[in-house]
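Good morning, everyone; please look at the structure on the screen while I talk.

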Amino acid sequence: GLETSAFDDIDERRDRTVESHLVETNDKLARINQNKEEYLSRQKGNMFLDTLGQGDGHEEYRQNDIPVITRQDKPIPQPILGVVIHGKSVPSPVFHVDSVEFQDCVREVLKNMNVTAPKSFQAWVWPAVLSCRHIIGICPPNLGKTMAYVPSLISQILDQSNYIELLPGKGPLAVVIVPSWKKGRKVFELVEAFNFSKASHQKPIKANVLYAGGTEDNEHNQISLMQGCDILIATPQSLLRMLNQDITSFKRLCHIILSDADVLADRFAKEVDEIMQLYKLQLKDRRTQKKYLTVP
């Protein structure tokens, strides 16, 4: 009886060992297959992103490889063209400058900059800005965040029919809040670049930049602000000082961009909150005035 029991124990241990090896082998095979699928998926995505950057092959991908976004309640949104998208009725991405509803002068300047196709981030942001959507965009540095909103913003401002319901007054149509003078100069220079178009019939964009160190006290800047501008680029503290001195206002403001919002939230949370509260009050006054003017 003891010998039989010993053999049974050996057989049982052997069976468990074989079963354990089978499970381990199956797990390894599953991981290999999963890694292979992830690798092939990344390769396909990288190949497509390369075509985005080069402006080639967009028609083929547009027809065959773009997933249709139909649900906003997906618990874990999946990357599409390398970008994770949240939102309702998200505008379709664009693949070439000619397929974007930019003003002609904006398209001309982009081509002069040798920009014929968007980067992956810009492919989604350009049409979203042109559709007047609220946008929160997050991407690594040096991937074209500023170029993602400036061309579309300028195209919107050049179409004066967007602002015919605004009451007369001073103040910009768009404010870009930046965390530093360096970022302010970078945005300002990019906006100014779009004024060098041969389309002479287009009204040039009036832009101003404000940051500590002299621009606030510049008489030309103050006069330009009091006369009104299209785009105002400013650090939070400089903007608040100009608002408090009544040199500019939010009476006509329609677009606010928080550039490098993570830095703004870290360094200037109080100032940004005050700016947004002022804008909120201005929107309330604007709605009240509009309602008053439309009452028979």
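With eight residues, α10 gives the most to the lining of the largest pocket; α10 covers 269-294, and the names of helices (H or I, at least four residues) and strands (E, at least two) come from DSSP runs, numbered from the N terminus. What we have here is a predicted model, in which local features need pLDDT of at least 70 and side-chain atom pairs count only at pLDDT 80 or more, while totals for chains, interfaces and linings use all residues. Residues are numbered from 1 along each chain as its sequence is written, and side-chain values use heavy atoms, with hydrogens and water left out.

To stay with the pocket, its lining takes at least two residues from each of α4 (120-130), α5, β6 (255-258), α9 (261-267) and α10. In total 42 residues line the largest pocket, and R133, I135, H255, I256 and I257 lie nearest its centre. By pocket I mean, on a 1 Å grid over the protein atoms alone, an open set of points where a 1.4 Å probe fits, with protein on both sides within 12 Å along at least five of seven lines, and lining residues have an atom within 4 Å of a point. The space in the largest pocket is about 1,400 Å³, where the volume is the space filled by probe spheres set on the grid points, joined across faces, edges and corners. The lining comprises 24 nonpolar, nine polar and nine charged residues, counting Ala, Val, Leu, Ile, Met, Phe, Trp, Tyr, Cys and Pro as nonpolar, Asp, Glu, Lys and Arg as charged, and the others, Gly among them, as polar.

Now to the helix packing around α5. The axes of α4 and α5 come within 9 Å and cross at roughly 25°, the axes being lines fitted to C-alpha atoms over the stretch in contact, with angles from 0 to 180 degrees between N-to-C directions. That makes α4 roughly parallel to α5, since angles under 35 degrees count as roughly parallel, over 145 as roughly antiparallel, 65 to 115 as roughly perpendicular and the rest as oblique. In the contact of α4 with α5, which requires heavy atoms within 4.5 Å, the residues from α4 include F121 and W126, and those from α5 include M147 and Y149. By class, this contact has 10 nonpolar, four polar and one charged residues.

How do the axes of α3 (residues 104-112) and α5 cross? They come within 9 Å and cross at roughly 150°, which makes α3 roughly antiparallel to α5. Here C105, V106 and L110 of α3 touch M147, P151, I154, S155 and L158 of α5, a set of seven nonpolar, one polar and no charged residues.

The axes of α5 (residues 145-158) and α6 (residues 181-193), in turn, come within 10 Å and cross at roughly 45°, and that makes α5 oblique to α6. Across this contact, T146, M147, Y149, V150 and I154 of α5 meet K183, V187, L190 and V191 of α6.

Finally, the two loop residues. D246, in the loop between α8 (236-244) and β6, has a positive phi of about 60° although it is not a glycine. D260, in the loop between β6 and α9, is likewise not a glycine and has a positive phi of about 55°.
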